[in-house]
Amino acid sequence: MFRHYLLTAYKVFMRRKLFTAINLLCIVLTLVVLMVVTALLQNTFYPTGVEGKSERFVQMIMMESTHTEKTARRQGTLGYKLIDQYLKPLKNAELVAATSFPQSVSIYQEGRVSDQLMRLTDAEYWQILDFKVVSGRVINADDVAQGRMVAVLNESTARKLFPGQPYLGQKFSANGQTFTVIGVVQDEMHVNAFADIWTPISAQPSSDYKNNLFGGFGAIIMARQPEDLPALKKEIMEAAKRVQFDDPNFFNTARFWGDSKLALFSRTLLSSRAEDGDAGTLLTIIVVLMLLFMALPALNLINLNVGRIMERSSEIGVRKAFGATSRQLIAQLVLENVLLCLIGGAIGLAGAAAVLWWLEGSGIIPYLKVHLNLTVFGYGLLITLVFGVLSGVIPAWKMSRLAPVHALKGNA
Amino acid sequence: MLRHLLKLIWKRKSRNMMLSLEILLAFLVVFAIVAFGLRYWQLYQLPTGHDWKNQWSVSIRAAQDLPNDPAIYDQLKRGLLDLPEVESVAFSSFGTYEMSRWTEEYTLPDGSHELTIDGMGVSDEYFATMGMRVAQGRFFSSMDDNADAAPAVINRRLADKWFPGKNPIGQLYVQQTRGKSEGQRYRVTGVVEQFRSHGEYMDPVDFMLSRWIPGVGKEAANNIMLKLRPGTPRIFEARLNARLKQIRNDWTYIITTQADARASMLKTQTIPLVILAVIAAFLLVMVAFGLFGVLWQNTTQRIPEIGLRRALGADAGAIYRQIIAEQFLLSTGAMLIALLLLVQLPLTGVFGETLNWAVFGGAAVLSASVIYLLSLLCSLYPGWRAARLSPTQALHYE
């Protein structure tokens, strides 16, 4: 039976080649857009590569400080003292890294100024994130302890600053300090990994940063295994209750949360104070937006399908007259549509790969590297099926409702 | 004729309804993009109220909060003016063409007309440095040193809101406070036509520039604005940075030319529009294909009917016109419904000034033309195909 349906579908597709082509084009265009979006989201929230251990770590960039009796509220980045005193001793944490956010620095070379993004890190940062070292080495605990003026560059920056020269051992001046290049790593575009230049946290003109509860840093906290994450998150929220402020008259209550990538994003976007950062709400919003985006192409496909099915009204009349139920007819017509969508999905996947390849090369998003993995393929398939059923059901239902007499005569 | 066409459309209402729905959705998408674009164009035409061509900004970063120490600011000013390229030096709480914003609530002295106002603290030299022109009154200066209230320069929009029909110069207003303490009193010394610190694409807001004096008050100025001699090369940045480092070595200075800051600001603000436009283009291409397909199927199905008309004496042109006119009627209907929905937006004022009537009208006309053009293009070929058939062929068409 199934083979029969497939054969009929094939014959129908071939009979009206132009229509099939138009149909297919619409499907491919829609699916390419959806798959590119899915791939980008997947890559952002469930990355592989440099932040591949993300199922084991949580991130923290904000803390909220309030006073029980006053209205003042501060929401801002963490200070090094907070990370050092309250986060490093966490029992469920294997490693706790402190890193500043990438800040723009100007590098002056003979007759040239280049703007680069610099990140201050400690040694744990390099143990949590898996950078691919191209040459030299990354920052280690010794560099941080000694406050050595060393720097790690990424490939693009190294090429830009020292074209045609060996990179290691080069000196450059930024923020009025001179750094020596000790290593070059591959370009990376991820929330925690993104930067052009990395230097030790201690390579600053003053060590005032060590005494600040507020300002300039984020933390990455890695558990020993993914199963420990819920306990770690609990422990982090508990730690917030112990925070002692420098001036208890101003603030006396701190709140912070360890977040997965998705939760961090939704917490920032929705300024959420929920335990899970309202990640579910964000996911719902994304899915609804995608469905909305699908509405127009789906409607378009419905219109095309209605036309195509109408042409086959006599065929459907015959089948009805010989006792086919409405359900069987709907199944057949939806199947045909899903089949077309699957073909479109396959082409769309190739198209999405091409678009992503172009996006990586174009430099619109710097250092972007997207891997079209099995998960993205799975999501793509799911999107395709939803789209196929969405656009196939209405025309099929409409057709199957026809009275056999009218259908046989071909005047629906 | 029109009644006839409407009747034909009504006869096929269920199919036409789906088609109309599609056109309606497409119209909404085009409208959104066009309205967005038109608003940006409108904003771009408005003056920003400050220059950018020879202005540079230096943002100061330090591990601790900056101290408001008059000696340091005096050193900075002298040290920078020593450089031959520097024409003028001013201090401000933040730079222009930056995403920063500072808002506070203010009222008139009697506590009425509470407004949330964007503010920026600037030193006396700021106006000359930024090439600003006063529309009414004067900019504040050392003349205001012993005034009873803090001097402030406000923009025209705020002046019209608070003092309509009155001379705004010399009027008082106060900072709103939640506690018992008295808020700071301000006296308007001057009015500028416009001041938009984020640049060309910033929505006009109520803006006030208050006077910042080195050593007075707790807040330090985090930003230095410089006016340089025209034609100063970018590499001057290295010498500028060296000079700043001589004055305070433990601070970090982020130097940006306003021309660069402006370019990157404009780019950042147009990115959403570009992304939306690309997606909309995708959708429109799809709608065009769909419309084309559906119209073609429709005309194919109606060939016997068309044959009858031809046999009764209608010429090819009449058939052509009928197909196109039917499609136009359908599009018009769909767009009227869409406009009926859309007109609620400016009526209820959900988007405030962003979707004003000029933008709404322009967007409606432009997006309607896009949809009409699309309908015309999509019905040309099916119309031609139907009109080409001779009556005998058409009547016998199976």
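Visitor: How many residues of chain A are in contact with chain B, and how many of chain B with chain A?
Guide: This is a predicted model, in which local features need pLDDT of at least 70, side-chain atom pairs count only at pLDDT 80 or more, and totals for chains, interfaces and linings use all residues. Residues are numbered from 1 along each chain as its sequence is written, with chains lettered from A and ligands numbered from 1 in the order in which they are written. Two residues are in contact if their C-beta atoms, placed from the backbone, lie within 7 Å. On this basis the residues in contact are 29 of chain A and 33 of chain B.

Visitor: Which element gives the most to the side of chain A that touches chain B?
Guide: Helices (H or I, at least four residues) and strands (E, at least two) are DSSP runs, numbered from the N terminus. H2, strand E5 (103–109) and H9 of chain A each supply at least two residues of this side. With 10 residues, the element that gives the most is H9(A).

Visitor: How many residues has the largest nonpolar core?
Guide: A nonpolar core is a set of buried Ala, Val, Leu, Ile, Met, Phe, Trp, Tyr and Cys residues joined through C-beta atoms within 7 Å. Those with the most contacts inside the largest core include Leu31(A), Phe27(B) and Ile371(B). Ile371(B) touches, among others, Ile23(B), Ala26(B) and Met335(B), not counting residues up to four places away in sequence. The number of residues in the largest core is 67.

Visitor: Is Tyr97(B) buried or exposed?
Guide: Tyr97(B), found in the loop between strand E2 (86–92) and strand E3 (103–107) of chain B, has a positive phi of about 55° although it is not a glycine. A residue is buried if 20 or more other C-beta atoms lie within 10 Å of its own, exposed if 12 or fewer, and partly exposed in between, with C-beta atoms placed from the backbone. Because 25 other C-beta atoms lie within 10 Å, Tyr97(B) is buried.

Visitor: Is His113(B) buried or exposed?
Guide: His113(B) is in the loop between E3 and strand E4 (115–122) of chain B, and has a positive phi of about 55° although it is not a glycine. Because His113(B) has 12 C-beta neighbours inside 10 Å, it counts as exposed.
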